[in-house]
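Dear colleague,

Please find the structure below, together with its sequence. My notes on one helix and its surroundings follow.

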Amino acid sequence: LRRDRPEVADQPVARDPALLSQTVRSILANRLVLKEALSKKWDQQSAVVAQIARARENLIVEGYLNSVTAPPDSYPGEAEIKSVYDANITAFLVPRRFQLAQIVVTVAKGADKATEDTARRKLDDVMKKLKQPGVDFASLARSTSDDSTTAERDGEIGWVTEPDLRPEIRSQVVGLAKAAITEPIRLDDGWHILKLLETEASQTRPLAEVRDALVQRIRAERAEANRRAYMAELLKQTPPVVNEIAL
């Protein structure tokens, strides 16, 4: 792919073959439409000419404003970055996470008594097996869980942050010992038996990890403040005069 194509060069899409192919196809399709439109002199219609003129004006204005309001490359300094990081430290807190596995006995809320009884018998059987010495939760999940997606992974759900846990689950998982199993938890789709595989304590993301994103945010906020100040001064020096009657 030629690197003189500004539509895709030096963009993340250029490193993803599937996205790159999709993007190039879209560009080529647009070129075909453009060729046909120009052949029919669509660009010479008065409405299109006016739209092109407005787009040109907007492009010039935005480009110029960006150039005169962008903070210097040296901004922000390390002291200011650290100051903003410290002032917003809670925003960089990563909540506690739990690695969970589950066995699901499916039964919808409002199911008839026969269906509920069948599910309850299966649930009781699963709980009896889990209480047997040396039982393997993963094997039991593979053979008995009604949730096929997690059953294929030995029941593993993966990592879930504490705020993302449903209240019914959070109340049982928080404080659970590693490798311990919850009592059956009734949810809308049935009964869930959870095993705590691992816990990761809450932590604050270090400055080095969030520095680039923080710098972008600080620069964007300063550029916006510069833009407001520039526009206010420009309007102060040359107040626009509007003929309200004509308007």
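The buried residues of helix α4 are Ala119, Leu123, Val126, Met127 and Leu130. Please bear in mind that this is a predicted model. Viewed down the axis of α4, these buried residues fall within an arc of 95 degrees, so they line one face of the helix.

At the start of α4, the backbone nitrogen of Ala114 has a side-chain oxygen of Asp112 within 3.2 Å.

As for its surroundings, the buried residues of α4 pack against β2 (97-106), α5 (137-144) and β5 (190-200).

The largest nonpolar core contains 14 residues, and those with the most contacts inside it are Ile103, Leu123, Val126, Leu130, Phe137 and Ile193. At least two residues of this core come from each of β2, α4, α5 and β5, with α4 supplying the largest share, five residues. Beyond its neighbours within four places in sequence, Ile193 is in contact with residues including Ile103, Leu123, Val126, Leu130, Phe137 and Ile181. There is also a second, separate core of 10 residues, among them Phe98, Val160, Leu165 and Val173.

With kind regards

Technical notes
Residues are numbered from 1 along each chain as its sequence is written. This is a predicted model: local features need pLDDT of at least 70, side-chain atom pairs count only at pLDDT 80 or more; totals for chains, interfaces and linings use all residues. Side-chain values use heavy atoms; hydrogens and water are left out. Buried means under 20% relative accessible area, exposed over 50%, partly exposed in between (1.4 Å probe, protein chains only). Helices (H or I, at least four residues) and strands (E, at least two) are DSSP runs, numbered from the N terminus. The arc is that of the directions from the helix axis to the C-beta atoms. Contact means heavy atoms within 4.5 Å. A polar contact is a pair of N or O atoms within 3.5 Å; within protein, one must be able to donate a hydrogen and the other to accept it, and residues adjacent in sequence count only if both atoms are side-chain atoms. A nonpolar core is a set of buried Ala, Val, Leu, Ile, Met, Phe, Trp, Tyr and Cys residues joined through side-chain atoms within 4.5 Å.
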